[in-house]
Amino acid sequence: MKKIKHYIAVGYWQLKLNTLCNLQYFSYTIVWFFMIGIAMFSTFFVLKAILDRVGQINGWNFAQISFLVGLSFISHGFEDMFFLQNRFIEHNVLEGTLDQYLIRPLNVFFLFNTAHFNLVGFYDILPGVIILVYACNQLHFPATPYHIIAIVVITVAGTFIRAAQLIITGSLAFWTKKSRILEDTNLTLMDRTSSYPLTMYPKWFQLMFTFLLPLGFITFYPVRGLLNITADSSLPVAPDLLIWAPLVALAFFLIARAVFNYGLSHKYESAGS
Amino acid sequence: MDAYRYLIKMRILVGFTYRFEVVMVILTRLIVMVASVCLWNSAYANTTELEGLTHSQMITYAVLAIVLSSLFQTNVENGIGTGINRGTIAVQFLRPMDVLSLYFCEDIGLMVTSFLLRCVPLLLCGMLIFGLSAPVSVGALLLFMISIVFSYLIIWLLSAITAMITFWAMFLGQMGAVRIVVVNILSGMLIPVWFFPQVLQDILRFLPFQYTYQTPLGIYIGRIGLRDGLFQIGIQCVWIVLLFGVLHIIWKRAQRHVLVQGG
């Protein structure tokens, strides 16, 4: 119990200090806010322009896709807020800056993932919340405790799946010394699989992002289950039950942690000066 | 002139150095291409025409838009931003060449590399995987090629004008990314402007954006006829002259406003 309290206290102080640091660069964050806001609403606008004309895409109408897009942006925001540093593991490996965590009497994975807090993530969350509220309103989404908890569960699970993906690709730097070049591919993949219905893609693509890299669980499967959308996915199983999302997220995150820890303890060379 | 040629050559050589990065960029653009094509395939599932575009025209438009976005690369914003932040802009002013021409030459080199290492593979993938259509006529192909040169010039001038902010703000931050996002949405890169509400279409006619992507792509797929295509290329030329004039005026003032920090 004492150990957990200690970890919470360390996490709290790292969070507080990082927030204060972020607020120092106000103009920088304002420009970020505009950039992210415009980028995210442009995705929303493109979908609206298409769906206004065709009504639905693979059984999903505009309000349902907006629900998907809103939740995707929110989990993207939380991932940026808490796990962004995993995109830069390459830098830590090349500069040897993980040493500062190794000498502390706390878990390195925990320290590394709480050492940075990026306020910029908030700017993804804000448009996400606006779009989600719009979608809920259009869908007459019931505000029952179950439905609210379901949204929280999908958000948390989606954040951890995204984080796991970043940690695994970032940790490749322990072996290859290079991983940042995967960043754009990673983000594009996660956004394209979580903002659009997965069923619009070819079957091999659906299988890959269900069983190999479980990006379909960031939003698509749990939202399909929650909104009772019955479009055929032509998959051998139906992973729409809400419980799958947190279970998959937990398993994927544990795998990611294992990859990070293995790379750190077996391949990290404390290079740099 | 030799100095400018040398800059272009060096940028091309640098571009060829990072091969693995190039593979990853192509992979990323391919994912975007697959997503875009699948989205339009789903949209056309129960209809043969949207806003006067057939399924085949729309797929060609979407694929070529992604190919063009890989071609229209500029580094002038980053270059000037970094130059001012680190103080290296002072060295560039000391060189016996115009600073903006220096960045333009580097970007030409970048574009040549992008064409060979990104556009050609993406174009081949587009043809083999998605059945990219040929241009509607030889005349359309010719106008398309002329138009993309002018499109690039408009985009470069917009980038350079954005970069000028650094001389006053000292820090560009994500302004370059804001410019890219604004151009992408208003130019018809993400979705043709013909899908926009009429009011917005009317406003965009008087702005340079739609002449960067929609004009060449519309000419290629035949949505814009040869006569109208020539007219729109004329508008592109007018925008190039206007933006060049704006850049020239700002650049004159910016040179008197250089504050070197760092270095």
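The legends below describe close-up views of a predicted model.

**View 1. The contact between chain A and chain B.** Chain B contributes 28 residues to this contact, and chain A contributes 26 residues. On the side of chain B that touches chain A, the elements giving two or more residues are α2 (19-43) and α9 (175-186) of chain B. The largest share of that side comes from α2(B), with 12 residues. By residue class, the side of chain B that touches chain A holds 20 nonpolar residues, seven polar and one charged.

**View 2. Helices α3 and α6 of chain B.** Helix α3 of chain B covers residues 55-71, and helix α6 of chain B covers residues 99-130. Their axes come within 8 Å and cross at roughly 160 degrees. Since angles over 145 degrees count as roughly antiparallel, α3(B) and α6(B) are therefore roughly antiparallel to each other. The crossing of the pair α3(B) and α6(B) is right-handed. From α3(B), the contact takes Ile59(B), Val63(B), Ile66(B), Val67(B), Ser70(B) and Leu71(B). From α6(B) come Met111(B), Ser114(B), Phe115(B), Arg118(B), Cys119(B), Leu122(B), Leu123(B), Gly126(B) and Phe130(B). The residues of the contact of α3(B) with α6(B) comprise 11 nonpolar, three polar and one charged.

**View 3. Helices α7 and α9 of chain B.** Helix α7 of chain B, residues 138-163, packs with α9(B) at an angle of about 145 degrees, and the two axes are 10 Å apart. The crossing of α7(B) and α9(B) is right-handed. In α7(B), the residues that take part are Ile155(B), Leu158(B), Ser159(B) and Thr162(B). They meet Met175(B), Gly176(B), Arg179(B) and Val183(B) in α9(B). The contact of α7(B) with α9(B) consists of four nonpolar residues, three polar and one charged. Helix α9(B) is also among the elements that give two or more residues to the side of chain B that touches chain A.

**View 4. Helix α10 of chain A and its surroundings.** Helix α10 of chain A spans residues 183-194, 12 residues in total. From its first C-alpha to its last it reaches 17 Å, close to the 16 Å expected at 1.5 Å a residue. The buried residues of α10(A) are Asn186(A), Leu189(A), Met190(A), Asp191(A), Arg192(A), Thr193(A) and Ser194(A). Within chain A, these buried residues pack against α3 (62-83), α8 (145-171), α11 (203-212) and α12 (220-226). They also pack against α2 of chain B, the element that gives the largest share of the side of chain B that touches chain A.

**View 5. Helices α8 and α10 of chain A.** The axes of α8(A) and α10(A) lie 11 Å apart, and the helices pack at an angle of about 155 degrees. Because angles over 145 degrees count as roughly antiparallel, α8(A) and α10(A) are roughly antiparallel to each other. Helix α8(A) passes α10(A) in a right-handed crossing. Gly158(A), Arg162(A), Gln165(A), Leu166(A) and Thr169(A) represent α8(A) in the contact. Their counterparts in α10(A) are Asn186(A), Met190(A) and Ser194(A). The residues of the contact of α8(A) with α10(A) divide into two nonpolar, five polar and one charged. Asn186(A), Met190(A) and Ser194(A) are among the buried residues of α10(A).

**View 6. Two loop residues of chain A with positive phi.** His140(A) lies in the loop between α7 (121-139) and α8 of chain A. Although it is not a glycine, His140(A) has a positive phi of about 50 degrees. His140(A) counts as exposed because it has 8 C-beta neighbours inside 10 Å. Asn228(A) is in the loop between α12 and α13 (244-266) of chain A. Asn228(A), also not a glycine, has a positive phi of about 55 degrees. Asn228(A) has 7 C-beta neighbours inside 10 Å and so counts as exposed.

**View 7. Two residue pairs separated in sequence.** Lys16(A) is part of helix α1 of chain A, residues 2-24. With 11 C-beta neighbours inside 10 Å, Lys16(A) is classed as exposed. Lys16(A) and Phe117(A) are 101 residues apart in sequence, and their C-alpha atoms are 8.5 Å apart in space. In chain B, Gly225(B) belongs to the loop between α11 (214-221) and α12 (226-255). Gly225(B) is partly exposed, with 15 other C-beta atoms within 10 Å. From Gly225(B) to Ala140(B) the separation is 85 residues in sequence and 8.0 Å in space, C-alpha to C-alpha.

Key:
Residues numbered from 1 in each chain as written. Chains lettered and ligands numbered in written order. Predicted model: local features only at pLDDT ≥ 70, side-chain atom pairs only at ≥ 80, totals over all residues. Contact = placed C-beta atoms within 7 Å. Helix = DSSP H or I, 4+ residues; strand = E, 2+ residues; numbered from the N terminus. Nonpolar A, V, L, I, M, F, W, Y, C, P; charged D, E, K, R; others polar. Axes fitted to C-alpha atoms, helices over the stretch in contact; angles between N-to-C directions. Parallel < 35°, antiparallel > 145°, perpendicular 65-115°, else oblique. Left-handed = near helix turned anticlockwise from the far one by under 90°. Expected span 1.5 Å × (residues − 1). Buried ≥ 20, exposed ≤ 12 C-beta atoms within 10 Å, placed from the backbone.
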